2 protein chains.
Amino acid sequence: MSTPKILILGAGYGGLLTTLQLQKKLNYNEAEITLVNKHNYHYITTWLHEPAAGTASADHARVNLEKLLNQDKVQFVKGTVQSIQPEEQSVTLESGDVLTYDYLVIGLGSEPETFGIEGLKEHAFSIRSINAVRHIREHIEYMFSKYKNEPHRTDYLTFVVGGAGFTGIEFCGELGDRLPELCQEFDVDPELVKVYCIEAAPSALPGFDPELVQYAMDVLERKGIEFKIGTPIKQCTPDGVLLATGEEIKSKTVVWAAGVRGNSIVEKAGFEVMRGRVKVDEYLRAPGYENVFVVGDCALIFNEEGRPYPPTAQIAVQEGETLGENLAALIRGELPQKFVPHLQGTLASLGKGEGIGQVGSKKLFGSTAAMMKKASDLRYLYKIGGVGLALKKVKL
Amino acid sequence: MSTPKILILGAGYGGLLTTLQLQKKLNYNEAEITLVNKHNYHYITTWLHEPAAGTASADHARVNLEKLLNQDKVQFVKGTVQSIQPEEQSVTLESGDVLTYDYLVIGLGSEPETFGIEGLKEHAFSIRSINAVRHIREHIEYMFSKYKNEPHRTDYLTFVVGGAGFTGIEFCGELGDRLPELCQEFDVDPELVKVYCIEAAPSALPGFDPELVQYAMDVLERKGIEFKIGTPIKQCTPDGVLLATGEEIKSKTVVWAAGVRGNSIVEKAGFEVMRGRVKVDEYLRAPGYENVFVVGDCALIFNEEGRPYPPTAQIAVQEGETLGENLAALIRGELPQKFVPHLQGTLASLGKGEGIGQVGSKKLFGSTAAMMKKASDLRYLYKIGGVGLALKKVKL
């Protein structure tokens, strides 16, 4: 039997951790491991709200893949996946190149879920990649500079965040820190700047303890964020958003942070999906394929009560680690282990020195939560890049 | 006789130096001195090419007026002049306030001279104020961030500088330094970035020694600037510029740096002007008015051969100093002195560590010229704000 070919699509949490685990577990020549990714870097999605607001540089939230991969064990292909042909065991890149595999790992991440709201795709930003967040940051600064030359255009100083879930709330926390700095830099009266956080659901941060939700909203309101909860957005236009209440908010900056769906390439490949996510089995396999595995935002797994787990970084990392071990086992003819997520709690930042968290039954507030979040960031960096990366990247 | 009222419009070089000289020469209560300015800061116009490109912060190029003015001697009014009524000896601000005067100093600066080229006013930037240059800087960065999300739009990476005079050349020098940094920051291939410097006249830097002109062009070409000399721009559109040759350059960033005219408020006030500039007499008086003085870009003075001096910072500073002394003399019943400009040479920067200069018959190149320019900047800062300001601001 020839050397088995493992093809990993995407170097997000799931794909990267699968790759790193494989590179750790397998010896040279046990498998041909190929990692395909759009960029030559991995980015830390859960940090992107910072460079999006401009409170940290985009470089801070990414790591060059060269620094993480052992090139003797893993071949890296910089390319964008165009389609997957599971029947032919092949993947086509936008470049036209076709890659074949014995084992496929799909870790192609997410797309914004717009719930059919008109105009969102065209006119809203989303916090989804290094390029996207640099665009948001520059756009916000640009609005300040434009306002100073057209001082009647206060809509330039109005910012709309769609969604008060995890990402929306964390982004608002950073905006709350950043906008006063921009007011200072551009000589803008802070009273003129408005940030609306608009959420269709009846509460911010659904799933969080109500006391923590209240704490988060209080912190953000003190930073000037105005919440509109239980208020669906009906339409997004080049000039702002129209709410279901009939109210119109004029703004040139709408950031949509109200949910994601799996990458549409997966659905187009013929896999059965719910919101773009493949309901994988306990070994993270796509139904009907022994050799196709799905991790991260493209994978749908359920808890014991039959409720889907949300697509989080935490679970994607665990999936990648398990899958890497399992693929190594399979190649050696050993038995794979079932994937069971271990929820270690949830931490949300609310800007500098502020946060909330739920770890087991324990609730964390303020600087304690913010510190725990830093510790968790540190653990992740250590996991993927060792002490060197952790020391280089972590902001204390 | 009641205390004479001196009203100074504009805190650019001319207006500020008039004010500072008055505040130095006059004792308390010899005159009521009022300085009106749009902003509460003075900006150093000849430095604006740096923050426009993003090689220096906008704050670096401005000084808070509070730090320069003696509030016991000078009343500062933050306001925008709307009109001047010389017959009534009054000035109306946009706020509706009306200020009266016994002596008026007009130092209202310039507007871009577009020579009737269609679309320039609407679609081109100009390097004319702190707000304008912050806008240019942000716009350039924004183009890089937009390009990364629409990689077919190479027009986002094309920059057009209209005019290879002093300002155009200095701006190109900074762009040449800044754009590679932006390529790095935004992961953009430098080969895709184009800068065109387009000049209608048959030479860049008209009036400069040909050897210096050649040196400047060589330096800038090495930095990637492409010159189109003797090539008038016919039209500016939202999508770029159309040249007289028929060539179209697609660009979202056209910076017009090909000349200025005096502030149109002056012409509207009924003063006779050439390109918005008042041909003042040897005491800097507007024709027909004993008590109206004009300095800086609004004033037109001629050399012995009958050729107009270009509107430079150097001459504006000298005008302000002389006028301040003259006004103090007039108030005391002493004789004013005639204004004669003392040309101390010309220095142009070409980006970091590079420049050209002409001081008397001496030509300066490269780092010598760049150093001389720093020394000249230092002298100016010392003149307006003493050692403290000079030490704080100068970049060595």
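Which side chain of chain B meets the side chain of Arg137(A) in a salt bridge?

**View 1. Salt bridges between chain A and chain B of the predicted model.** The side chain of Arg137(A) meets that of Glu185(B) in a salt bridge at 3.0 Å, N to O, a salt bridge being a side-chain nitrogen of Lys or Arg within 4 Å of a carboxyl oxygen of Asp or Glu. Between chain A and chain B there are six salt bridges.

**View 2. The side of chain A that touches chain B.** Contact, meaning heavy atoms within 4.5 Å, involves 19 residues from chain A and 19 residues from chain B. Of the side belonging to chain A, His135(A), Glu138(A) and Tyr142(A) lose the most area to chain B, together 32% of what that side buries.

**View 3. Gln21(A) in helix H1 (residues 13-25) of chain A.** Gln21(A) is buried, with a relative accessible area of 8%, where buried means under 20% and exposed over 50% (1.4 Å probe, protein chains only). Leaving aside neighbours within four places in sequence, Gln21(A) is in contact with Gly320(A), Glu321(A), Gly324(A) and Glu325(A).

**View 4. Leu335(A) in the loop between helix H8 (313-331) and strand S24 (346-349) of chain A.** Leu335(A) is exposed, with a relative accessible area of 79%. Leu335(A) and Ala313(A) stand 22 residues apart in sequence and 26 Å apart in space, C-alpha to C-alpha. Helices (H or I, at least four residues) and strands (E, at least two) are DSSP runs, numbered from the N terminus.

Residues are numbered from 1 along each chain as its sequence is written, and chains are lettered from A in the order in which they are written. In this predicted model local features need pLDDT of at least 70, side-chain atom pairs count only at pLDDT 80 or more, and totals for chains, interfaces and linings use all residues, while side-chain values use heavy atoms, with hydrogens and water left out.

Notes:
Buried area is the accessible area (1.4 Å probe) that two parts lose on being put together, summed over both.
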